Amino acid sequence: MHTARSIVILTGAGISVESGISTFRDRNGIWAKHDWRDYATPEGYERHPARVLEFYNQRRRALKSVQPNQAHHALARLEGAHKGEFLLVTQNVDDLHESAGSRKLVHMHGELNSALCRACGMRAPWRDDITVNSQCKSCGATGFLRPDVVWFGEMPYQMETIYRALGKAELFIAIGTSGHVYPAAQFVEEARLSGARTIELNLDETENADAFDERITGRATETVPALVDRLLG
Ligand code: APR
């Protein structure tokens, strides 16, 4: 396959599994242990801010002991070697893509290593715990900091950038995402409308598998490097 001029890649939790980070909807996934309504909605946060802050503190702390895997590194290699346009859109809030060297990267669901101030809207890098007493470095307000993670019912980040890239895509690749959550689950249709070839890499059959021209089944650490080798010829 010739390397398409414009490539858009969407990743989900499945690409980070082999680095030791749980998915959400697998049998022992995060939402099997925590009700998403309590931990990933503005209402859940309003009900129990300290409990929600601690849930994300634990996940942020865990980032200090995980490393990117061969799938993350392969995507960074593809970005570096690809001559045309390239955008990596991740639903993940971990920092493994940037740790592997990815730069043309959009975190559409935000990042664990970022804090958002509900008083002034500041978004800033934040690697420590966020507590109900944390102070905003911009406006000085105390008790208004929350994880800079997009919750259900909130608007994902950089949607204009993403749809512009999808409108020009010649190749769209979805890796390790179950296709349950919108708008990300709809990106493959956008790409098809632009005439892109669409490929899905996953361990299992997914919700929107039929929307893809090609499906490659297997673990991301095997399938992603192999696909990148194929694309770079
Ligand atoms: N290699 C490839 N795919 C894998 C692997 C692996 N080693 N292990 C699991 N998968 C696949 C699963 O088959 C599943 O399709 O990864 C997918 C994970 O799906 P989800 O747990 O639903 O994660 P994701 O699709 O990223 O969820 C999207 O939902 O809760 C919200 O904001 C959260 O960003 C998240 C969004």
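Modeller: A polar contact is a pair of N or O atoms within 3.5 Å, and with that cut-off in hand we can read the ligand site of this predicted model.

Colleague: Which polar backbone atom lies 2.7 Å from an oxygen atom of the ligand?

Modeller: That polar backbone atom belongs to F24, while an N or O atom in the side chain of S178 is 2.6 Å from an oxygen atom of the ligand. On the nitrogen side, a backbone N or O atom of A220 lies 3.0 Å from a nitrogen atom of the ligand. The protein covers 94% of the 730 Å² of accessible area that the ligand has on its own.

Colleague: How many residues surround the ligand, and of what class are they?

Modeller: The ligand is surrounded by 23 residues, with F24, R25, T177, S178 and N202 the closest; by class, the shell holds eight nonpolar, ten polar and five charged residues.

Colleague: How should I read a helix, and which residues of α4 are buried?

Modeller: An α-helix has 3.6 residues a turn, so residues three or four places apart point the same way. In helix α4, which runs over residues 49–62, the buried residues are V52, L53, F55, Y56, N57, R59 and R60. These buried residues pack against α1, α2 and α3, and also against the strands β4 and β6.

Colleague: Where in the backbone is there a cis peptide bond?

Modeller: The cis peptide bond joins Y182 and P183, with omega about 5°, and P183 lies in the loop between β7 and α8. Another backbone feature concerns Q158, a residue other than glycine whose phi is positive, near 55°; Q158 sits in the loop between β6 and α7, and counts as partly exposed because its relative accessibility is 42%.

Terms used
Residues numbered from 1 in each chain as written. Predicted model: local features only at pLDDT ≥ 70, side-chain atom pairs only at ≥ 80, totals over all residues. Heavy atoms only, no water. Near = heavy atom within 4 Å. Polar contact = N/O pair within 3.5 Å; in protein donor to acceptor, adjacent residues only side chain to side chain. Areas by Shrake-Rupley, 256 points an atom, 1.4 Å probe, with all protein chains shown as cover. Nonpolar A, V, L, I, M, F, W, Y, C, P; charged D, E, K, R; others polar. Helix = DSSP H or I, 4+ residues; strand = E, 2+ residues; numbered from the N terminus. Expected span 1.5 Å × (residues − 1). Buried < 20%, exposed > 50% of the residue type's maximum accessible area, 1.4 Å probe, protein only. Contact = heavy atoms within 4.5 Å.
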